[in-house]
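Trainee: I have a model open and want to learn how to read it. Could you take me through some features one by one?

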Amino acid sequence: MGAREITVPTDLCDAAGRLSPDSVGWAKHPVIRCNVTGSPLRKKKWNYWCVTNPELLFSVTISHLDYAAVLFAYALDLRTLRFREQTVLAPFGIGCRMPDEVNASVRYDGKELAISLEELGSATRIRVEAPNFGGRGRALSADLLVRRPEGHETLNVVVPWSKSRYQFTSKQEALPAQGQVRWEEVTYELSEDESFGCLDFGRGKWPYRANWNWAAASGRSTGGRTVGLNLGGQWTDGTGQTENGFVVDGRLSKIHEDIVWTYDRERYLEPWTMRTAGSDRVSLVFEPLFERTAKTNALIIRSEVHQMIGTFRGSLVADDGETIEIDGLLGWAEDHSASW
């Protein structure tokens, strides 16, 4: 069951909110409909976007944790390492409705932070307004278009902890992006030839305590191919599923092996390594450039993330046996724990 590929539209759960066995597996396109119901306080839903180019990493998230919505945006100037982050907590998720489908629009309109993720069929338009970004009295405004090339494959996985606890994730890497981010006195112009979008879409029912690793990156291989990778750890252990894979020129290679993560929790800025447990299909070194630490401690929501932003080098072996060499692929790797 762990390696089963799903190719037809399938509901994630039944009318009572129990996991449908037909949905467990992976797919190259988001064919799972996330009709998550029941289990008050356990449902978790989010749309996380990150757009990168050589000068800027910009990220925005709309998330709903059942008892609250958490909205945030952050920006890192990759040349100066100037960083700002803005987070808004909306009790009971008022003003935030999360759709079941991956390619559906979602928005949140607040005075401190307004986010629009508008689906246009073959693209997503991301608009963000933060008049007091990071509490500095200076504004951030973003208007970006992330395009989905026809036939571009993505990594879609249903992870089954039990019939009542499960998660669907859609990881969409190496999507061409363009647009503009205005941050204080600087305007960043992003063009498709060197800018990439990454979507992390999640819907499911989680246990109260969880730990996970996540790594993602997009860019060009040493041979000029377009590469996007996604690697996970901890949260999928023992489920028979992984969220490991990569796309090369829009074609997905799914990795069913676990990834062995090696890093020092006392020295997060030291290099990390990520390797497949029983083969040479993934052999990477990640070199952090910047550490983003985000902590939330709001009654029953507690979260701590150490997200390293930096570059990957090493090799990936595709399904057809081709070895893809990468050096300087921009992305992130994180160590995250949550009680939520």
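Trainee: How many bridges join β8 to strand β9, and in which sense do the two run?

Mentor: Start with the ground rules. This is a predicted model, where local features need pLDDT of at least 70, side-chain atom pairs count only at pLDDT 80 or more, and totals for chains, interfaces and linings use all residues. Residues are numbered from 1 along each chain as its sequence is written, and side-chain values use heavy atoms, with hydrogens and water left out.

Mentor: Next, the terms. Strands (E, at least two residues) and helices (H or I, at least four) are DSSP runs, numbered from the N terminus. Two strands pair if DSSP finds at least two bridges between them. Here four bridges join β8 (residues 106–109) to β9 (residues 114–119), and the two run antiparallel. Val106 has Leu117 of β9 as its bridge partner. A hairpin of four residues connects β8 to β9.

Trainee: How many residues of β4 are buried?

Mentor: Ten of its ten residues are buried, so strand β4 (residues 43–52) is mostly covered. Its side chains still point two ways. Lys43, Lys45, Asn47, Trp49 and Val51 go one way, while Lys44, Trp46, Tyr48, Cys50 and Thr52 go the other.

Trainee: Which strands pair with β4?

Mentor: One is β15 (residues 196–205), joined to β4 by ten bridges and running antiparallel to it. There, Thr52 has Phe196 as its bridge partner. Another is β5 (residues 56–64), which pairs with β4 in the antiparallel sense over eight bridges. Asn47 stands opposite Ile62 in β5. A hairpin of three residues joins β4 to β5.

Trainee: How many salt bridges does the count give?

Mentor: Side chains of opposite charge can pair when their charged atoms come close. The rule for a salt bridge is a side-chain nitrogen of Lys or Arg within 4 Å of a carboxyl oxygen of Asp or Glu. By this rule the count comes to 20.

Mentor: Take Arg33 and Asp11. Their closest N and O atoms are 2.9 Å apart. Arg33 is partly exposed, at 34% relative accessibility. Asp11 is also partly exposed, with a relative accessible area of 34%. Asp11, Arg33 and Asp100 are linked in a network of salt bridges.

Trainee: What is the distance between the closest N and O atoms of Arg265 and Asp335?

Mentor: The answer is 2.8 Å. This pair links distant parts of the chain, 70 residues apart: Arg265 is in the loop between β20 (259–262) and β21 (272–276), and Asp335 is in strand β24 (residues 323–339). Arg265 is partly exposed at 48%, whereas Asp335 is buried at 8%.

Trainee: How much space lies in the largest pocket?

Mentor: Rolling a probe the size of a water molecule over the atoms shows where empty space is left. On a 1 Å grid over the protein atoms alone, a pocket is an open set of points where a 1.4 Å probe fits, with protein on both sides within 12 Å along at least five of seven lines; lining residues have an atom within 4 Å of a point. Grid points are joined across faces, edges and corners, and the volume is the space filled by probe spheres set on the points. Here that is about 710 Å³.

Trainee: Which residues lie nearest its centre?

Mentor: Of the 33 lining residues, Phe72, Trp212, Ser303, His336 and Trp340 lie nearest the centre of the largest pocket. Strand β23 gives the largest share of the lining, five residues.

Trainee: Is Gly310 buried or exposed?

Mentor: Gly310, found in strand β23, is buried, with a relative accessible area of 1%. Contact means heavy atoms within 4.5 Å. Leaving aside neighbours within four places in sequence, Gly310 has contacts that include Phe286, Leu289 and Leu330.

Note on methods
Buried < 20%, exposed > 50% of the residue type's maximum accessible area, 1.4 Å probe, protein only.
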